[in-house]
Amino acid sequence: MIIMKEIQVGQIISAVKRMCIEANCVIGAEVINELQKCLGREESPTGQEIIQQILTNDELAREKMMPVCQDTGTAVIFVELGQDIRISGGNLYEAINEGVRQGYRDGYLRKSIVADPLSRKNTGDNTPAAIHCEIGPGDKLKIEILPKGGGCENMSALKILTPAEGVAGVKKFVIETVRQAGANPCPPIVVGVGVGGTFEGAALLAKKAHLRPLGTKHSDSYYQKLEEELLVEINNLGIGPQGLGGRMTALAVHINPGPCHITALPVAVNLNCHAVRYKKVEW
């Protein structure tokens with residue numbers, strides 16, 4: 001007889017609701033740490049003042065449990081579901097969306113989702129969430145939330161390079177994407193880069209790059225070195241905090257590579273604002 005681990009949808013709803021509120025109001029310690037390092041490295045007096053204002057804003061948001069930004073974003077949800085888990089009492093996706101619905105309502109978070117891209121009618125509760133689910137072995141369930149505001153998300157880009165363009169083409173595309181974005185994604189930013197996959201796969205790789213904690217290095221020394229090189233070149237662009245000039249345009253570059261077809265070299269760049277909002281829960 002196989003005994004499956006059971007998780008009630010009520011547990012999922014409560015957890016997602018809490019994460020929606022906390023992700024928008026409580027910035028992670030690792031993000032604060034990187035911003036403080038950024039403050040010490042910034043050479044521009046204006047840039048220094050802006051970073052200090054960001055840190056003060058984050059502290060006030062945490063104390064008052066108010067959003068760090070008026071754009072509380074699309075609720076991007078990543079799920080890792082063990083195949084030995086039974087979701088009881090309802091549907092997993094419906095439970096996640098109900099958690100988002102309650103979190104954005106009770107947390108007084110801005111509702112930013114429209115039901116149709118052309119008619120533009122607001123759904124009124126920030127659903128549906130953008131849910132990405134992976135099923136694997138075991139009896140663990142992990143849910144991660146990454147609220148993405150329009151300022152940074154709208155500056156993201158994707159391009160299918162030829163294999164001949166190689167790493168030089170990848171670097172050129174990443175740097176040009178950041179240059180064109182300028183102040184729009186609210187720098188200092190985190191640059192998520194997906195290299196490989198398919199047309200849609202590269203974009204997902206880039207988005208998932210933001211799940212890696214700030215301050216950590218890539219496990220592969222080749223990509224670690226490439227991330228460091230890109231960060232230096234991006235910070236030499238002179239965009240600076242909030243686009244008003246300075247050294248610190250980016251806090252980090254996170255590269256997420258994946259297998260791809262022999263004829264193509266897909267590259268996606270997904271930008272994240274200085275808040276780097278993120279929370280997770282595991283069962």
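Biologist: Helices are DSSP runs (H or I, at least four residues), as are strands (E, at least two), numbered from the N terminus. On that basis, in which loop does Thr-72 lie?

Modeller: Thr-72 lies in the loop between α3 (45-64) and β2 (74-82). Please note that this is a predicted model, in which local features need pLDDT of at least 70 and side-chain atom pairs count only at pLDDT 80 or more, while totals for chains, interfaces and linings use all residues. Residues are numbered from 1 along each chain as its sequence is written, and side-chain values use heavy atoms, with hydrogens and water left out.

Biologist: Is Thr-72 buried or exposed?

Modeller: Thr-72 is buried, at a relative accessible area of 1%. Buried means under 20% relative accessible area, exposed means over 50%, and partly exposed is in between (1.4 Å probe, protein chains only).

Biologist: And what does Thr-72 touch?

Modeller: Leaving aside residues up to four places away in sequence, Thr-72 touches Asn-24, Pro-67, Tyr-104, Leu-109, Arg-110, Pro-147 and Arg-277. Contact here means heavy atoms within 4.5 Å. A polar atom of the Thr-72 side chain lies 2.9 Å from the backbone oxygen of Arg-110.

Biologist: Turning to α6, how far apart are its end C-alpha atoms?

Modeller: They are 23 Å apart, which agrees with the 22 Å that the 16 residues of α6 (residues 166-181) should span at 1.5 Å a residue. The expected span is 1.5 Å times one less than the number of residues.

Biologist: Which residues of α6 are buried, and what covers them?

Modeller: The buried residues include Gly-166, Phe-173, Val-174, Ile-175 and Ala-181. Their cover includes β6 (157-161), β7 (189-197), α8 (221-235) and β9 (265-272). After α6 comes Gly-182, with a positive phi near 55°.

Biologist: What about Cys-69?

Modeller: Its closest cysteine sulfur, in Cys-186, is 6.3 Å away, again too far for a bond. Cys-69 is partly exposed, at 33% relative accessibility.

Biologist: Lastly, how many helices and strands does the protein have?

Modeller: There are eight helices and 10 strands. Of the 283 residues, 50% count as buried.

Note on methods: Polar contact = N/O pair within 3.5 Å; in protein donor to acceptor, adjacent residues only side chain to side chain. Disulfide = S-S within 2.5 Å.
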